[in-house]
Amino acid sequence: MNPLLPEGADPPGVTVVIPAFRSEATIGRCLAGLESQSFRDFETIVIDSSPDALTRQVVMAGFPWVQLCRSPPQMLPHAARNAGFASARGRVLVSLDPDCVPVAEWLAHLVAPLGEGQAVVGGAIECAQRDWFSRGVHMSKFSWLLAGAPAGPRPFLATANQAWLRAEWEAFRPFSVPLWAADTELDWRLRRDGTELYFEPRAVVFHIHQATPVSFWRERRSRGEDFAQMRAEFARWSLSRAALHLMGMSIEPLVILARTLRSAARAGRLAEAVIASPICLLGDIAWALGEAQALVSLLRGSAVGPDHV
């Protein structure tokens, strides 16, 4: 038993928050995984901002123990997480995506390090499908969070599978919206303050990928643009630094691919990553184009930092 989270206490030890938007195809599997958890002292809040009732119907029909909150206007995932955490009762706050299926020991492993001195913990993300394209998409997005990788500090985690002590969250909240990279921005703020981000590879969820080549390309380009905007603002880049980074953007896809292969090798999955590398490279090119677009916009506009060079 985790001494931080005595089971059966009131309020619950853990609150799991799931943002949902048009999630009817996957949220049933996600909640079924939660229902099978060996660790039982948790509540679940689903923030549904879908324009139709399909997601709501899946939750209400099969999972009456879930607290379902409706938001008529669409909420981006981090805005939904902010709303869910604001109403949470748990001493630990957990973020899970609606297209992720946790294994039975997921929550037990995820919260265990929080009772051993950690304040922020992220778990492993594996691919739910076996086809080549889906596994390539997965390697492109999550190679640094594979289950075979060693436990320990990480530069950033992923809100698809992440836990915070409530006190830590309340000290650094909220996620910056509407940024898609708001989870990375929050992780950077935590690290800047000296908080370690701990990776627990035994806390596994399986991600269900629904991307097509076109949607994958568009998503990676959009995320690259969003990340570059966030990083320039967070680090207070000058125009000269933005220009220097833009000059090296032509080799950025190869740099990202090399990092993917290195991460996969640490998890004992190098061969799998090499096979998936054409899909990874496609995503990396899209990401670099997105970053370049953001940097060009910054250079055309006003300076992003105090050094207006």
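Trainee: What does buried mean here?

Mentor: Buried means under 20% relative accessible area, exposed means over 50%, and partly exposed lies in between (1.4 Å probe, protein chains only). The model is predicted: local features need pLDDT of at least 70, side-chain atom pairs count only at pLDDT 80 or more, and totals for chains, interfaces and linings use all residues. Residues are numbered from 1 along each chain as its sequence is written, and side-chain values use heavy atoms, with hydrogens and water left out.

Trainee: What counts as a salt bridge?

Mentor: Side chains of opposite charge can pair when their charged atoms come close. The test is a side-chain nitrogen of Lys or Arg within 4 Å of a carboxyl oxygen of Asp or Glu. The whole structure holds 14 salt bridges.

Trainee: Where does E168 stand, and how far away is the nearest side chain of opposite charge?

Mentor: E168 is buried but has no salt bridge. R189 is the nearest side chain of opposite charge, 9.9 Å away. For charge, Lys and Arg count as positive, Asp and Glu as negative; His and the chain ends are not counted.

Trainee: Which residues is E168 in contact with?

Mentor: Contact means heavy atoms within 4.5 Å. Leaving aside neighbours within four places in sequence, E168 is in contact with A119, V120, L190 and T195. E168 itself sits in helix α6, residues 166-172. Helices (H or I, at least four residues) and strands (E, at least two) are DSSP runs, numbered from the N terminus.

Trainee: Which side chain meets R89 in a salt bridge?

Mentor: E43 does, at 3.2 Å, N to O. R89 lies in the loop between α3 (77-86) and β4 (92-96) and E43 in strand β2 (residues 42-48), so the pair ties together parts 46 residues apart in sequence. R89 is partly exposed, at 44% relative accessible area. E43 is buried, at 7%.

Trainee: Which residues are linked in a network of salt bridges?

Mentor: E126, R135, R269 and E272 are. Within it, the side chains of R135 and E272 meet at 2.7 Å, N to O. R135 is in helix α5 (residues 132-142) and E272 in helix α11 (residues 270-300), so this pair ties together parts 137 residues apart in sequence. R135 is buried, at 11% relative accessible area. E272 is partly exposed, at 22%.

Trainee: What does E291 form with R231?

Mentor: A salt bridge, with the closest N and O atoms 2.8 Å apart. E291 in helix α11 and R231 in helix α8 (residues 213-234) are 60 residues apart, so distant parts of the chain are linked. E291 is buried, at 2% relative accessible area. R231 counts as buried too, at 18%.
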